[in-house]
Amino acid sequence: MKMGLKHYHLLGFFVGLLCLQTTFAQAAVKAGYWFPDSGIDASDIDSTLFTHLFCAFANLNTTTNQLSISAECSSFTQTVQQKNPSVKTLLSIGGGSANSSLFNSMASQPASRKTFIDSSINLARSNGFLGLDLDWEQQTTSGEMSNLGTLLTEWRAAVNAEATNTGRQPLLLSAALAVSPRVNPSATYPATVIAKTLDWVNVMAYDFYDQNRSPTLTRSHAALRDPTGGVSGSSGISAWINAGVPAKQLVLGFPYYGYAWKLVNPNNHGLLAPANGADTSVGVPDKGQPDYNQIEAFIIQKQATVVFNSSYGTNYCYSGNTWINYDDTQTVAAKVSYAKTNGLLGYFAWSLAQDHNWALSKQALQTWGA
């Protein structure tokens, strides 16, 4: 049966509409990030605990504006699907240490944006990824935010066009962004564009405070709430929703690591207690950011006292002069429950290798349920 030109246009319209509907009608996201040098192999991941897994990171060649990945990321999808054939994998691009000015340079020109976008789609398809995740996290100017919006608009158009041309399911498109859409007084994320182009936003609801912030007090770097009015996961989520990104396009992030402080007085060991900066005796040397694995070992070795503060939605432990804020199973349960109750799309964790016998990931999955 032959179709006239009008019918072809109508067919194209409905195919495009179907792609958009399919793209944004997502099932719950129960996700985690992994990277090759994290301390565990991809084959060690219990992928049955997740619906989506991110492989980090694809690197941007600033000369060619094309992307490259490690051999471990090339085989990531095949590896994690051996335990869970239905898990969806996404290739993350950039990362917290990526140079923002180099990403901005790429995003500022039509030709370099197209090269980048085409490279990302080809790399995802050729390595079995079902989506792409942008981790350009360091925007601080209005110009960078504008270029980000343009990049996302063209990326979405290219992803949909590729799906229409090949008859395949559109690649998922997400981004890891700051806890609030307003990064500073002069830089705000283009929330309207983000809502139109991304399947979801991974809201990085952690790293609010480091141990050198003045005044030096023990703090929760990833609190779900803050009764004093400070930054928190819930306030960030509310800000994103108020900016125009629906709850169903927001995924709440939580960390599998903590921050360690040195208490001034070991007998004053609550939140907002005076401290002498970072305690680098636990966790990664010179950082004072122990993994959950290391925190659990510290608790056992030092017979540390563990406290769950329901007002902040956070855990901390202390022994002697060492005070550590972190997400334990109680905190994870509170955060996942908050996400589900408030209509969010799901949750994600950074990063999987820092869990202890998958305790946090199991708690998250159990709390969300089917």
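Guide: A salt bridge here is a side-chain nitrogen of Lys or Arg within 4 Å of a carboxyl oxygen of Asp or Glu. Keep in mind that this is a predicted model.

Visitor: Okay, how many salt bridges does the structure hold?
Guide: There are five salt bridges. Glu 154 and Arg 113 form one of them, at 2.8 Å from N to O.

Visitor: Where do Glu 154 and Arg 113 sit in the chain?
Guide: Glu 154 is in helix α6 and Arg 113 is in helix α5, so the pair links distant parts of the chain, 41 residues apart.

Visitor: And is Arg 113 buried or exposed?
Guide: Arg 113 counts as buried, because its relative accessibility is 7% and the cut-off for buried is under 20%. Glu 154 is partly exposed, at 29%.

Visitor: What about Lys 114, which residue does its side chain meet in a salt bridge?
Guide: That's Asp 118, at 2.6 Å from N to O. Lys 114 is exposed at 53%, while Asp 118 is partly exposed at 29%.

Visitor: Now Asp 135. How far away is the nearest side chain of opposite charge?
Guide: It's Arg 156, 14 Å away. Asp 135 is buried and has no salt bridge. You'll find Asp 135 in strand β5, and the residues it touches include Tyr 33, Phe 57 and Ala 176.

Visitor: Changing topic: how do helices α10 and α11 pack?
Guide: They pack at an angle of about 35°, with axes 9 Å apart, and the crossing is right-handed. Among the residues making the contact are Val 332 and Val 336 of α10, plus Leu 360 and Trp 368 of α11. By type, the contact residues are eight nonpolar, four polar and one charged.

Visitor: Last one, where is Leu 344?
Guide: Leu 344 is in the loop between α10 and β16, and it's buried, with a relative accessible area of 1%. Its contacts include Ala 339 and Trp 368, as well as Ala 247. Ala 247 is 97 residues from Leu 344 in sequence, yet their C-alpha atoms are 4.7 Å apart in space.

Note on methods:
Residues numbered from 1 in each chain as written. Predicted model: local features only at pLDDT ≥ 70, side-chain atom pairs only at ≥ 80, totals over all residues. Heavy atoms only, no water. Axes fitted to C-alpha atoms, helices over the stretch in contact; angles between N-to-C directions. Helix = DSSP H or I, 4+ residues; strand = E, 2+ residues; numbered from the N terminus. Left-handed = near helix turned anticlockwise from the far one by under 90°. Contact = heavy atoms within 4.5 Å. Nonpolar A, V, L, I, M, F, W, Y, C, P; charged D, E, K, R; others polar. Buried < 20%, exposed > 50% of the residue type's maximum accessible area, 1.4 Å probe, protein only. Lys, Arg positive; Asp, Glu negative; His and termini not counted. Lists of a residue's contacts leave out its neighbours within four places in sequence.
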